[in-house]
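I opened a new notebook page for this protein. These are my entries, in the order in which I looked things up.

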Amino acid sequence: IIENLMARPSSLYWSSAFPGDVATLEAGFTLEEKPPATREISSILITLPPGFSHAISTESDVETFTPDPSGKWVASGRWLTYAEPGRFRVEVVPSNLTRNEYKMRFPVLIPPVVPARNVWMVSLCGIDSTTGERCFSYTDRAAFLTWPIAGFEIGEVHYSHMGRIAAGGA
């Protein structure tokens with residue numbers, strides 16, 4: 001439990017849920033207020049369920065956005081760590097995180113079978129005060145807040161597409 005941190009996860013969005021597809025996924029969070037100085041957020045870690053792998057090959061494959069057009073919240077320079085296919089980390093500018101919504105859009109390879117534990121993890125991370133290390137897993141000490149977000153089934157259509165499907169079929 002993090003005292004004085006008012007935040008909540010965003011819903012998971014996916015463009016496709018068919019085996020072998022490279023789908024666009026969107027995940028994020030909302031800060032209800034600026035984080036306290038005692039819990040400075042330095043990065044966001046996205047952990048995919050077993051069997052899924054991101055299809056990130058360059059930084060330009062990941063979009064970061066917020067409704068505030070003046071909101072520069074992603075760090076300059078090397079802001080994305082994506083060497084492992086089951087996770088990636090976005091470095092942020094702690095002082096620029098304010099009351100706002102923050103999202104990341106990224107490509108993911110849909111596996112042939114969805115795992116029984118189909119849970120996506122969004123972690124707010126700091127820097128471990130003992131080791132000085134950043135988080136590489138949602139279980140690391142530097143990951144001070146992690147939300148589990150329910151995944152989707154093979155072939156499942158995201159609810160935001162429902163109206164377009166119904167309109168197209170009429």
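I looked up its pairing with β11: β10 covers residues 119-125, and the two strands run antiparallel over seven bridges. One bridge I wrote down joins serine 123 to threonine 146 in β11. The model is a predicted one, and I keep that in mind for every entry below.

**Overall make-up.** I counted the elements next. The protein has one helix and 11 strands. Reading from the N terminus, I get β-β-β-β-β-β-β-β-β-β-β-α. The chain has 170 residues, and 42% of them count as buried. I also looked up the accessible surface, which is about 8800 Å², with 54% of it belonging to carbon and sulfur atoms. Among contacts with a separation of 6 or more, 73% are between residues 24 or more positions apart.

**The sheet.** In what order do the strands of the open five-stranded sheet lie? I read β7-β8-β4-β10-β11, with antiparallel pairing. The edges are β7 (80-81) and β11 (143-150); each has a single partner strand, so one side of each lacks a neighbour in the sheet.

**Strand β4.** I then turned to β4. It pairs with β8 (residues 87-91) in the antiparallel sense over five bridges. Opposite threonine 47 I found arginine 87 of β8. β4 also pairs with β10, again antiparallel and over five bridges. Here leucine 45 has serine 123 of β10 as its bridge partner. Serine 123 is also the residue I noted above as the partner of threonine 146 in β11.

Is β4 (residues 43-47) enclosed or open? Five of its five residues are buried, so the strand is largely enclosed by the rest of the structure. I checked the two faces separately. In a regular strand, side chains alternate between the two faces of the sheet. On one side of β4 I listed Ser43, Leu45 and Thr47, and on the other Ile44 and Ile46; all are buried, and both faces are covered.

**Arginine 89.** I picked this residue from strand β8. Is arginine 89 buried or exposed? Its relative accessible area is 6%, and buried means under 20%, so arginine 89 counts as buried. Beyond its neighbours within four places in sequence, arginine 89 contacts Ser43, Ile44 and Leu45, and its other contacts include Trp79, Leu80, Arg134 and Phe136.

**Leucine 80.** One of the contacts of arginine 89 is Leu80, and I followed it up. Leucine 80 lies in strand β7. Its relative accessibility is 1%, and it counts as buried. Leaving out residues up to four places away in sequence, leucine 80 touches Ile56, Thr58, Glu59 and Val62, as well as Phe88, Arg89 and Val90. Its C-alpha atom is 8.6 Å from that of valine 62, which is 18 residues away along the chain.

**The largest pocket.** Last, I looked for empty space. Rolling a probe the size of a water molecule over the atoms shows where such space is left. The largest pocket has a volume of about 160 Å³. It is lined by 10 residues, and those closest to its centre are Arg39, Ile127, Asp128, Ser129 and Arg141. Sorted by class, I noted three nonpolar, three polar and four charged residues in the lining.

Key:
Residues are numbered from 1 along each chain as its sequence is written. This is a predicted model: local features need pLDDT of at least 70, side-chain atom pairs count only at pLDDT 80 or more; totals for chains, interfaces and linings use all residues. Side-chain values use heavy atoms; hydrogens and water are left out. On a 1 Å grid over the protein atoms alone, a cavity is a set of points where a 1.4 Å probe fits but cannot get out, and a pocket is an open set with protein on both sides within 12 Å along at least five of seven lines; lining residues have an atom within 4 Å of a point. Grid points are joined across faces, edges and corners, and a volume is the space filled by probe spheres set on the points. Ala, Val, Leu, Ile, Met, Phe, Trp, Tyr, Cys and Pro count as nonpolar, Asp, Glu, Lys and Arg as charged, and the others, Gly among them, as polar. Two strands pair if DSSP finds at least two bridges between them. Helices (H or I, at least four residues) and strands (E, at least two) are DSSP runs, numbered from the N terminus. Buried means under 20% relative accessible area, exposed over 50%, partly exposed in between (1.4 Å probe, protein chains only). Contact means heavy atoms within 4.5 Å. Accessible areas come from the Shrake-Rupley method with a 1.4 Å probe; for residues, only the protein chains shown count as cover.
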